[in-house]
Amino acid sequence: MDTLLLSRIQFGANISFHILFPTITIALGWMLLFFKLRFSATGERKWMDAYMFWVKVFALSFAMGVVSGITMSFQFGTNWPGFMETVGNVAGPLLAYEIMTAFFLEAVFLGIMLFGASKVKSWVHTLATFLVAFGTTMSTFWIIVLNSWMHTPQGYELIDGVVHATNWFEIIFNPSMPYRFVHMMLASGLTVAFLIAGISALRMLWGDKGEDVKSALRVGIIAAAGLIPLQILAGDMHGLNTLEYQPAKVAAMEGNWETSSNVPLILFAIPDQENRTNHFEISIPNGASYILKHKAEGVVPGLNDFVAEDGTILHPRVSAVFFSFRIMIGTGIAMLLLSWAGVVLLRKYGAGHMPKLPLIAFSAMSFSGWIATLAGWYTTEIGRQPWLVQGVLSTKDAVSDVPAGMVLSTLIGYLVIYAALIIAYMGVITYLARKATRGEPLTSRQYPRGGTTDVPVLQPGE
């Protein structure tokens, strides 16, 4: 447990906690815009009721994301000084672009979105919701640009060990960026779809048959069923891009040790990196070759190609990548089956008469998007090792010389605080759902500039 390993664990813990909340706010902002547009188009109160419930979840998630993002950025200086020293000429401007294009929008219009429904004209409130949603998407864009560049760096030159930008277009639109951005946006959409469906199902199990709950349940299920096949397609395209630019990662994902054709698709195994083999392997013949090369005789790279002559391992830790990839895939399959079954049940019973068992299933899957997102994040980030920036900067060359004991003490502090915050976050969402189920009224006000419809309006402090 040296400084390098502890620093990696600490940053991994921090970013794992942080990514949970943007994963919700990215797509939830657009879902709120959908609710608001439906209310404006139909005048049906159920859509504004749904908006006012979920905007609270958005505000809570946004606050958690901002706070956790600040502590994460500190670690660039405390734990990874070599990162900015080497690639700061690229990373610094990209992070600045995020602030200028995303944070400014969110900071200016978030207050109107949260508290302005009864104080401004309806179209102004709708515009504020759109701009906040757009801001979260722009924030995602710039972060994905930087992260993608770290995986597939282009548009730079190395002078005296320091990276200098030569072509910003190539930096921003690096080879893996479009795939990662689409994959992340769809992951956020699925996370929010299952969260909305799950919490709505929970409210129905508690006896809440309100029109807003039924509409939210229907929207969540249909959105999930529509997004999951798109995510499977995007994931396949992302995998092919990774095969081209990071073959060692793909070899670890597949648990394939020797480069060959007719490579099986391993469903389960226990990789043994020391002996460079798999134990208890269950596989489908030719499956990996079909998926990655679209033909049985397709050649798939093996891990043994990524070992230096002196024995240095140049590929990631196999077990971590292998199992996290399968957790992501397994969660995705569960999402596919449940959401499609949900659509069938909606057509048969309607949202208001959904059987109890699928409601329980959707409730249990409320935070399944988090599991899939974290598993996918671990696959892609651990799969980049031993590089921090692929082919440019190794992880061990970027770490600080802070004593291991100091890193360990702060790591323990982070983990304790994060565990408490996660429990509190999930508890608050459950409390909001229970409060709404009991019929405790939100503060009701006229909607003076948007028509005569009496709607619940969020007030500061609620």
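**Close-up 1. Helix α14 and the elements that cover it.** Helix α14, which spans residues 404-437 of this predicted model, has 34 residues and reaches 49 Å from its first C-alpha to its last, close to the 50 Å expected at 1.5 Å a residue, where the expected span is 1.5 Å times one less than the number of residues. Helices (H or I, at least four residues) and strands (E, at least two) are DSSP runs, numbered from the N terminus. Among the buried residues of α14 are V407, L411, Y414, Y418, I422, Y425 and I429, buried meaning under 20% relative accessible area with a 1.4 Å probe and protein chains only. An α-helix has 3.6 residues a turn, so residues three or four places apart point the same way. The cover over the buried residues of α14 includes α1, α2 (45-78), α6 and α12 (368-382), with contact taken as heavy atoms within 4.5 Å.

The model is predicted, so local features need pLDDT of at least 70 and side-chain atom pairs count only at pLDDT 80 or more, whereas totals for chains, interfaces and linings use all residues. Residues are numbered from 1 along each chain as its sequence is written, and side-chain values use heavy atoms, with hydrogens and water left out.

**Close-up 2. The largest nonpolar core.** A nonpolar core is a set of buried Ala, Val, Leu, Ile, Met, Phe, Trp, Tyr and Cys residues joined through side-chain atoms within 4.5 Å. The largest one has 76 residues, and those with the most contacts inside it are L28, L32, F35, W54, F83 and Y425. Its largest share, 14 residues, comes from helix α1 (residues 3-42). Not counting residues up to four places away in sequence, L32 touches Y51, W54, V55, F58, M113 and T129.

**Close-up 3. Helix α6 and the residue after it.** Helix α6 (residues 177-205) has 29 residues and reaches 42 Å from its first C-alpha to its last, close to the 42 Å expected at 1.5 Å a residue. This helix is mostly covered, with 23 of its 29 residues buried. Just after α6, G207 takes a positive phi of about 105°.

Close-up 4. Strand β1 (residues 156-159) runs antiparallel to strand β2 (residues 162-165), and 4 bridges join them; strands pair if DSSP finds at least two bridges between them. E157 stands opposite H164 in β2. The hairpin has 2 residues between the strands, and D160 in this hairpin takes a positive phi near 55°.

Note on methods. Buried < 20%, exposed > 50% of the residue type's maximum accessible area, 1.4 Å probe, protein only.
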